[in-house]
Amino acid sequence: MDKYSNPLEERYASEEMLYNFSPENKFRTWRKLWIILAEAEKELGLDFISDEQIEELKKFKNDINFEKAAEFEKKLRHDVMAHVHTYGEQATNARKIIHLGATSAYVGDNTDLIQIKEGLIIIRKKLLALIKRMKEFALEYKSLPTLGFTHFQAAQLTTVGKRATLWLHSLLMDFEELEFRLEKLRYRGVKGTTGTQASFKELFDGDFEKVKRLDKLVTEKAGFKIKQGVSGQTYDRKTDTQILNLLSNIAQSAHKFTNDFRLLQHLKELEEPFEKNQIGSSAMAYKRNPMRSERISSLSKFVMSSAMNGALVYSTQWFERTLDDSANKRLSVPQAFLAVDAILIIWLNIMDGVVVYPKVIEANIQKELPFIATENIIMESVKKGMDRQEVHEIMRELSMEETKEIKINGKPNNLIDRIIKDGRLGLKSEDMEGILVSKNYTGFAEQQTEDFINEEINPVLEEYKDEIDEERVELRV
């Protein structure tokens, strides 16, 4: 308790994502990459690399002496060489061929890319689960009328389910971008110290075709479809910019959702799960604060701000590489993944327990519906032979009078009674029957909800049904 600890680890992110960016996973991946390199080099004709050496490397691939590696790093001031020596003390016969022809970026950068890829797959599983849950919510409430808002002022009605499709549409766009980034994620492969593959030219006696095949083979063995065609010492730092922007986009969608949700909770129309013993305020015992939504919005701000790090690092790299990216990348990339992971966990928790209050929603509609109904009333008057412009002016006058009564005297909305009593529109009570039935004002909201889900959401969920993470992670705090 006497040292700073990262809240993303302590409070928010999943064990799966934490392990992905853990030192153990990182250094085990280094060893896997050294094995891949040795195997590929042997397959392409380096006969002095033996099967016995490769088997020895495999024997110790997960048996890392971290204390010994730390001792070597303190002495050598080089993390990669510290682990080369640590590995070599275990695999003594293979020591001479570990890291053969490679530069530090071979294990460092390729491991970063593997962690990014695995991180995206973890995010994809949770994103798909959220899309599925949001779809279910949208369908459940596809026909429940609710006030629409523009500028947070009451506007024409929509439905609770149709509004949910707006959140769902943003998630779909994020998912499509994530799939694109996964498909186009380029592996660094084996490029040498400045990207010229000079060391491999020496190893393979100037045979460029073999070195190209080595690059391709290493890429495939690491589980990537495409490699970076050219590089300096590192993979193109534009990659980090793209990935951080993707994570920022997911965070933006989450923040937008929580903005809407918190406003609706203020209106008492929707509510987050609120546990039996949960306390909303240390002073105000009655409060039911939207803690989960606020946590999402807070983490989302962090992720959105982290995206700037990718742009700063990429734009300030010099020539084949500079090392002013290293410390930044250790913070910005893993933490953005951890934060988005946490955001999706919390968002799923909200959707699993969201409460809808139809009677409050209808009561809020009825406060505004007489104003919303004025266009229909104008049409009804015109049908009876009145001049549309004259009717519009009468309606404007009566609406302004009613608004004054509501705002100054706090009275309920009695615009319909005012219109009937005024008499200039020639409308009687029987003419107004059905005029305040809210379902008559939702347009094609229900049909749009069904069409969008059938045409755009269901095909995605069907295609990726085996990728959906149905397991729910409980909030830790």
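Predicted model: local features only at pLDDT ≥ 70, side-chain atom pairs only at ≥ 80, totals over all residues.
Several residues of H6 are buried, among them Val-80, His-83, Tyr-87 and Gln-90. The cover over the buried residues of H6 includes helices H3, H4 (51-59), H5 (66-76) and H7.

Helix H18 can be read in the same manner. H18 runs over residues 445-463, and its 19 residues should span 27 Å at 1.5 Å a residue; the end C-alpha atoms are 26 Å apart, which agrees. There is a kink of about 40° in H18 at Ile-457, shortly before the proline Pro-459. Ile-457 is also one of the buried residues of H18, a list that includes Ala-445, Phe-452 and Leu-461. What do the buried residues of H18 pack against? They pack against helix H7 (104-140), strand E2 (153-159) and helix H8 (160-184).

A database record covers part of this region of the chain. An unreviewed UniProt entry lists residues 369-453 as "domain: Adenylosuccinate lyase C-terminal". Over residues 369-453 the chain is 62% helix and 0% strand.

The next topic is empty space. Rolling a probe the size of a water molecule over the atoms shows where such space is left. The largest pocket holds about 990 Å³ of space. It is lined by 34 residues, and those closest to its centre are Lys-26, Asp-79, Asp-112, Ser-326 and Arg-330. The elements that give two or more residues to the lining of this pocket are helix H3 (23-43), helix H6 (79-90), H7 and helix H13 (326-353). Which element gives the most to the lining of the largest pocket? It is H13, with eight residues.

A search of the whole structure for cavities of 30 Å³ or more finds one. The largest cavity has a volume of about 40 Å³. Its lining is made up of Phe-137, Thr-146, Val-160, Arg-163, Trp-167, Leu-264, Glu-269, Leu-270 and Ile-361. H8 gives the most to this lining, with three residues.

Phe-152 lies in the loop between strand E1 (145-150) and E2. Its phi is near 55°, a positive value in a residue other than glycine. Asp-205 is in the loop between helix H9 (198-203) and helix H10 (208-221). The phi of Asp-205 is near 50°, again positive in a residue other than glycine. How accessible are they? Phe-152 has a relative accessible area of 40%, so it is partly exposed. Asp-205 has a relative accessibility of 73%, so it counts as exposed, since the cut-off for exposed is over 50%.

Three further residues can be followed through their contacts. Thr-239 sits in helix H11 (residues 238-266). Its relative accessible area is 12%, so Thr-239 is buried, because buried means under 20%. Apart from neighbours within four places in sequence, Thr-239 is in contact with Leu-113 and Leu-185. Thr-239 and Ile-116 are 123 residues apart in sequence, with 9.9 Å between their C-alpha atoms.

Ser-143 is in the loop between H7 and E1. It is partly exposed, with a relative accessible area of 42%. Not counting residues up to four places away in sequence, Ser-143 touches Thr-159 and Glu-446. Gln-447 is 304 residues from Ser-143 along the chain, and the C-alpha atoms of the two are separated by 8.9 Å.

Thr-316 is found in the loop between helix H12 (291-315) and H13. With 36% relative accessibility, Thr-316 counts as partly exposed. It touches Thr-322 and Asp-324, leaving out residues up to four places away in sequence. Thr-316 and Met-173 are 143 residues apart in sequence, and their C-alpha atoms are 30 Å apart in space.

Terms used. Residues numbered from 1 in each chain as written. Heavy atoms only, no water. Helix = DSSP H or I, 4+ residues; strand = E, 2+ residues; numbered from the N terminus. Expected span 1.5 Å × (residues − 1). Bend = angle between axes of the 7 residues up to and from the residue. Buried < 20%, exposed > 50% of the residue type's maximum accessible area, 1.4 Å probe, protein only. Contact = heavy atoms within 4.5 Å. UniProt positions renumbered as here; feature names shortened; annotations may be inferred. 1 Å grid on protein atoms, 1.4 Å probe; cavity = no way out; pocket = protein on both sides within 12 Å on 5 of 7 lines; lining within 4 Å. Points joined across faces, edges and corners; volume = space filled by probe spheres on them.
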